[in-house]
Amino acid sequence: MPKFVHLHAASAYSAHYGVSWPDDLVQAAADDGADALASTDRDGLYGAVKHVKACMAAGIDPLLGVDLAILEPSKTAGSSGNTGSPGGILAEAGRVVILAHGGQALRHGAGYTALCRLISTAHARPRGPVGLTLAQLAAGVLDPETGAPALTVLLGPFSDVARAMGGRRYLLPRTKFSTWRDTLPAGTLAVEVVSHFSEPGSPLSTTLAVRMLKLAEEFGVPAVLGNAVRYCGEDDAPTADVLDAARAITPLGRVPGLQPTGQGWLKGAAAMYRAGREIVGQGGYSVAELEQLWANTHRLADKCRLDPASDLGWKKPVTPEAGVLGLAQPAAVELWQRAEAGLNLRFPGLGGDRLAAARDRLTMEMETINELGFASYFLTVAEVSEMIRTMGVRRAARGSGASSLVNYVLGISAVDPIANDLLFERFLSRDRSTLPDIDLDVESAERHKVYHRIFERFGPERVTLMSMQNGYRARGAVRDAGLALGMDPEDVDGIAKQLWRFSAGSFREALVEKPELRDFAARVEQAQQPGAREGRDGRGGAQLDLLVDLTERLDRLPRHISMHPCGVILGDSSLLDRTPVQASGLGLPMSQFDKHDMDAMGMLKLDVLGVRMQSAMAYAVREVVRLHPSKAEVVAAGSHPVDGGGQGPAYVGEDGLIDLDAVPLDDEPTFELIRSTHTLGCFQIESPGQRELVGKMAPREFNDLIIDISLFRPGPMKSNMVKPYLENRAGFAPAHYAHPDLKPALAETHGVTVFHEQVLRTLHIMTGCTLSRADEFRRGLGKPDQEPVVEKYFRTHARQRGYSTETIEEVWDTLKAFGSFGFCKAHGAAFAVPTYQSAWLKAHHPAEFLAGLWEHDPGMYPRRLLVAEARRMGIPILPLDVNASAGCYRAERTPAAAGGEGVTGIRLSLSDVYGLSGTELKRIVAGQPYDSLADLRSRAKVSRPILKRLAQLGALDSLQRSAQQLTGNTANRADLIAHVNSMPASKTSRRSEAMEGQLHLPLGELELGTLAARLPAPTLAETVRTELDLLALDASAHLMDSYAPLLAQLGVTTSDKLLGLRNNTEVLVAGVRVATQTPPMRGGRRVVFISVDDGTGCVDATFFHEAQERSGPLLFGTRMLLIRGLTRRTGPRGISLQALEAWDLARPEALPGPGYLQDPGRPQDSRHPDSSRAGGRELARELGRGTPGQQSTAELARRMEVESLDHRAG
Amino acid sequence: MGTFSEGIEVWLTAAGLPLHLLWRGRRYTLAADPVRWYERRNWWDEETRAAPGAGAGLVDREIWRVQVRRDGGASGTPLLTLDLVRYLPAGRWRVIKIYDALRESVEELEPGA
C-alpha cells in the first residue's frame, strides 16, 4: 500500500471549525504509515507549533500552511458593511490553502517567513473580514531575497473556481482560473482535488472533483489529491456540525452550508487511493492519471517538508540586538559592570566575609548566565524593569527570579536572596537551557501604558503580545450545545448555572455524582422513558441526552484566542518573520502563539502582570498623602514610631509620601493584625483557608509569612507537612529530623520540608550532587518516567555516603510525596512582600487602604464584603453625594463629633452608579459644587433616568437638606424621587441650552424647598435594596440587617459570637454568600466550602456529602443562606462550621420554624466532628487523613488544596 | 402512513463494491458500474444520542445507485435501477428508491423503519 501525505488538515486550533488535536491527527497519520503531515489551520498558525512538536515526537516531517479567505470587492456593495481601506467593500470569495516550502529547493526559513508575513497581512485590515486580496497574495508568495517560490497556493473545493462550477457552467470557472494562473508567479499554484462524496453535482462531490482535475490538466497546473480534513475520524463528524452551528450562532436545522457529508476525516492511504480511483474513474481516466495525481501530491509534500531547526529556529533563544539595548560592549561585559555597580548600591558598607560571600555568589551566577549566553536576556529584563520604575509605576518581581542575586543587584527583584536563603540553581542552571521566566508585577491600572512603552522602547518589529487559547469549559459547552439543538436559551442557561467545576468531557459522569445536578439528571432519565419523545416542543426532553453528548464533544475545544493577561514577547528585528500577528483587544499586535509555544520557538517571554493589589496600594499611599500632606501628619495618623527627637521614620517622606518598599519588615501592629485573622483585603491571606491558617500559625516575623504562603500549596498538603509543622511550631511536639545532617536545611521549618530549596539541599547533602543537578532531580519527582531514575540515584549515593536504610526510606518518602508540587521559597518570598505591605497599610491606614481596595477591587471577594469590613472596623461609609463624591472612592475626614475626634471615612464613588456614563460622570465632577437641583440639571446635563438613580441613592440628599434648612420644607427622599420622575424628559436640542455665561435663575431652593411632603420615606431595607440594584453594594446598612427580626426569631448566632462558643455546638447561622470552593475530586467524596458574611464577619462552612445531599440545588445557586451546623474550633482565634443543612433565606415558606435546633426530627450527619464519637473516623477518612483528632488540620489541608489551585501563580 | 424502505441483502466485491442483490426473494447482479455518494442526515432530529465514540454514520449515510439485472433473466430484460442505503456501523442495507423505467416513475420509500 502506498503511503499518503495529507496537505490540507485543520486542527482543533481552527476555532469553531477543526475538531481534532494536533497530537491525535499526527498520531493517526503516523499510524497509517505517513511520513509527513500538514497542519493548515484557518486564518493562522494557531496549532502550528503543537503540530511540529507532535510530528517530531512521532518521527514524521511537519508541513505548515494556512487556510485563508480570498477577498474581492463586493458586488453587493453596501449590504455587508465591511469596508476595507481604500478599495471599498471587500467580501470573501472562496478560501484557499497556502503551504510553506521547506529547505529542499529554497533558502532555509524563507517559506515559513513568507507564510508568517502573509498571515499577518491577512489580519492587518482594521475592519472587515480576515483574508487576502489576490494581489496581496501574489505579492507575498516569492522569497523576496532570491525571487524563488516560497509558497504554494492550493486551489481546492472551497476556492472561487470550485464554487463557480455548480450548474455545469463552462466559462465562469475558466475565467476565474485564468485570473489565478495569470496573477500568481509560476511555480506557486496547484489544484487540490477533493471529494467528500456528496450528492453528484453538489459541492464536494466527485463530479466537481473531476471537473477540477480536468481544469488543472487544461491549464497545465499540477493537481494534487487531498481531503480537506477537519477531524481525525468518522466519529468526530457530528462535532464539526455543532461547531458550525456555534460559529453561525444558529441552531443546526438552520445553519447554511453545513458540511454536505461527514467524509472530511483524516483518511488513510488506502481510503485516499480508493477515493482517487473513484475520481479518475468517473472522469474517464486511466490508472496512469491516478498515479500522476498521487505523485504530484508527494512531490509537493516533499517541497514543503520543514526542518524545525533550520526553517523555524526551533528552540534557539533570540533576544533584542545589542544596539537596541544601547550596548557599546559585549552583553556579558556590560552585565558584569552593572552587577558590580548594583552590588555596592544594594549592600553599602558591606565588607569582609559577607562581601566576599556576596561576590562569590555573584561570580557563580554570572558564570552560569554567560555560559548559557543569557546576558542580553537579563539586560533586556533590567531595561524593562527600570523603564517601569521611571514611569513611576509600582513593580515587583515575582517567581523564581527572586532567587537570583543578579536580579537583586540589577534592581529587577526586591528580595535579597542571600538573606532569605534562596538558591540560584532553582532559577537557572547549566543543566537546562530554556530561557528562565522573570515575571514582573505592575499596577494593574498602569499595565496597558507599560505595554505601550515597551513597544515604543524596543520598536514594534521586536515586540508583540502573547496570546492564549480559550477552550470550552462545561458552562460554555452546554450553552453552545443547547444553541445547536435549538433549545430554549433560558432552559439551557438554567442548566449551565448548575455546572460547577468539572470538565465538560465528564458531564454524564457528573450527572450521577453531583447533588446539584439531581434535578437535571432526573429530567434526562425521564426523557429516556419510552413515550417521552414527544414533549411540549416536539422533541422535548429527548434532546437532553443529545445535549449531554454534545457538551461532552465540545469539551476543551478552543473557542477563540485572546490576549494573554501578561505575556509580552521580545525578540530581535526578525520576530515578525517567525510569528504571525493579529490585532488584540488592546490595539497592539498579538502573536498567534501561546505560552506553550514560546520555548519551542525560542521566544523570550516577559510576564508583565497587572496586579490590582499593587494599584490598590499605590492608591492608598496617594490617599494618605492627599489627606495628610506632611510627614508629621502621616506619622500621627498612622501611629508610626517616632524616635527620641520626635522624628518619624525614614520611609515617610517630608511631604508625607510613604515609600512602601522601604518599610521595615518587622512591624508589630502589622503582625498583630495578621494574627487577628481579620485579614480580608490583604494580599494572599484573605481566603477562608488562609484566615484559618494564619489563625493557627500566628505569624511573628516576615519569614513566617513566606512559610505561610508556601505551606498553602497542594505539595505541602499532599506530603502531610502542614500538621507536623504547626505542631512543632507550637511546641506540642519536638522537631524531628530524619538525620542531624539535614538540620541546617530544615531548621527554619522545624524539620518539615516545605520549599523546593530544601529539597535541593536535602539531595545535595545526602547524595553530594550539585545543587543544579539536584534541581533537575526535583523536576523529575512525580513524573512516572523520571522518578525511578531519581530514586535509584538517591538511594545508591545516600547509601554510599553512609546513611542508614531507615533514614533513606524516610527521606525518600518525603521527597516522593513532595513531588513536583511544592513551592519555591523565592516565590513565597516574592509574594510575602505585597502581603506584608497590604497588611501594614490595613493596620496603619485602614480607611485609605480600603478606599484603594474598593477602587481597584483586587481580591477574591465581591466589593460589598469589603464595605462590610469597613463597617465592622468602624470606618464611616459616607453616602453618595453629588457634591462630595468623585469618580473614585476617596478617603475623607469626617467632622469631629462633640468631644470626639474626627475619623477618616470613605466616600462612595459615582463611578459604580449603574448606567452612569463616563462622560456624564466627568461632567458632574467638573461642575461640583452644585447649589440646587436646577444647577445640577443645567450644568451637568444629567439625563432624567440618571437623575432619578442619583435621587434614589441619596446623592441629592445634600441639595435637599440645604434647601430645607432655608425653607423648613419637610419632604423626604421619596418625594424627591417622585419629583425627579415627574420632570419632563430632558431636551437635547441646542436651542434650549443656556447661552455661554448665562446663569440659571437662583430658583433651585424654591424647587426643592417647595416639594410637597406626600410619600412615606423609604425604609432602610428599601434603601439597601436600591443600593444593591444600582451600586451592587449595600452601603446604608448591611444586607442582612433587614433579616434581623426573622433571624432573632429563629435563634441565629452571628459570626462574632461563634468564637465564644464551645467546640461542637449546634447553631444556626445566616448570611450572604461571599465564596464557594470545591476541591477537585480525587477519589473520595467531594467537599464544598461556602463562606457567608452576616455583617459581623464571615462564617466559613464545610459541606460534606450528606449535607450536600440535603442541600441539593441550594449549594451553588443561592445568594442568601441559612445554615445549620456544628462549630469546629480551628485555632486560638479561629472557628468554622460543619454544615448539616441549608435553606434559601429568600424563600421564607421553606425555612424551619423557631426552636428547630431542639427538634428531635432534624437530620443529623452519620459523621460527627467530635472525635470521641465513631463518626469522627469516617470524617477523617473522608478528608483523606488518618486518625480522628486531626480533622481540623486535614480539613484545612483540603481547603488549602482548593484555594492554592485557584491562586496558584503562573 | 408512508411507505417504508425495504430490507435487501447485498454481496460486495473484494474492492467493496456491490455485486449481487437479494431483493423480494429474487437475486440480481450489477449490470453497470455503481455510483456512490453520501447523503446528509439531520441527526439532531432523528437521533437521541451522539456520544463521543458513537458518531460514525450520524452525519451522513452512504447511498449506492445500482443498475441490476435479474439473475437468469434474458439479456434483453430491461435494467432495474435502485438506490440503496448502507447504515453504519452495522452495515445494514435498505432500498430507498425504485426507478421504474417502464412507467418512468420513481417510487421513494421513507428511510428508517
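How many residues of chain B are in contact with chain A, and how many residues of chain A are in contact with chain B? In this predicted model, 20 residues of chain B are in contact with 25 residues of chain A. On the side of chain B that touches chain A, strand 5 (35–40) and helix 1 (43–46) of chain B each supply at least two residues, and it is strand 5 of chain B that gives the most, with six residues. By residue type, the side of chain B that touches chain A is made up of 11 nonpolar, four polar and five charged residues.

Within chain A, helix 14 spans residues 375–390 and has 16 residues. From its first C-alpha to its last, helix 14 of chain A reaches 22 Å, which is close to the 22 Å expected at 1.5 Å a residue. Because 12 of its 16 residues are buried, helix 14 of chain A is largely enclosed by the rest of the structure. The buried residues of this helix include the run A:A375, A:S376, A:Y377, A:F378, A:L379, A:T380, A:V381, A:A382, A:E383, A:V384 and A:S385, and A:I388 is also one of them. Just after helix 14 of chain A, A:G392 takes a positive phi of about 80°.

Turning to annotation, an unreviewed UniProt entry assigns "domain: Polymerase/histidinol phosphatase N-terminal" to residues 5–72 of chain A. In the model, the end C-alpha atoms of residues 5–72 of chain A lie 32 Å apart, and this span is 31% helix and 28% strand.

Technical notes. Residues are numbered from 1 along each chain as its sequence is written. Chains are lettered from A and ligands numbered from 1 in the order in which they are written. This is a predicted model: local features need pLDDT of at least 70, side-chain atom pairs count only at pLDDT 80 or more; totals for chains, interfaces and linings use all residues. Helices (H or I, at least four residues) and strands (E, at least two) are DSSP runs, numbered from the N terminus. The expected span of a helix is 1.5 Å times one less than its number of residues. A residue is buried if 20 or more other C-beta atoms lie within 10 Å of its own, exposed if 12 or fewer, and partly exposed in between; C-beta atoms are placed from the backbone. UniProt positions are given in the numbering used here, feature names are shortened, and annotations may be inferred rather than shown by experiment. Two residues are in contact if their C-beta atoms, placed from the backbone, lie within 7 Å. Ala, Val, Leu, Ile, Met, Phe, Trp, Tyr, Cys and Pro count as nonpolar, Asp, Glu, Lys and Arg as charged, and the others, Gly among them, as polar.
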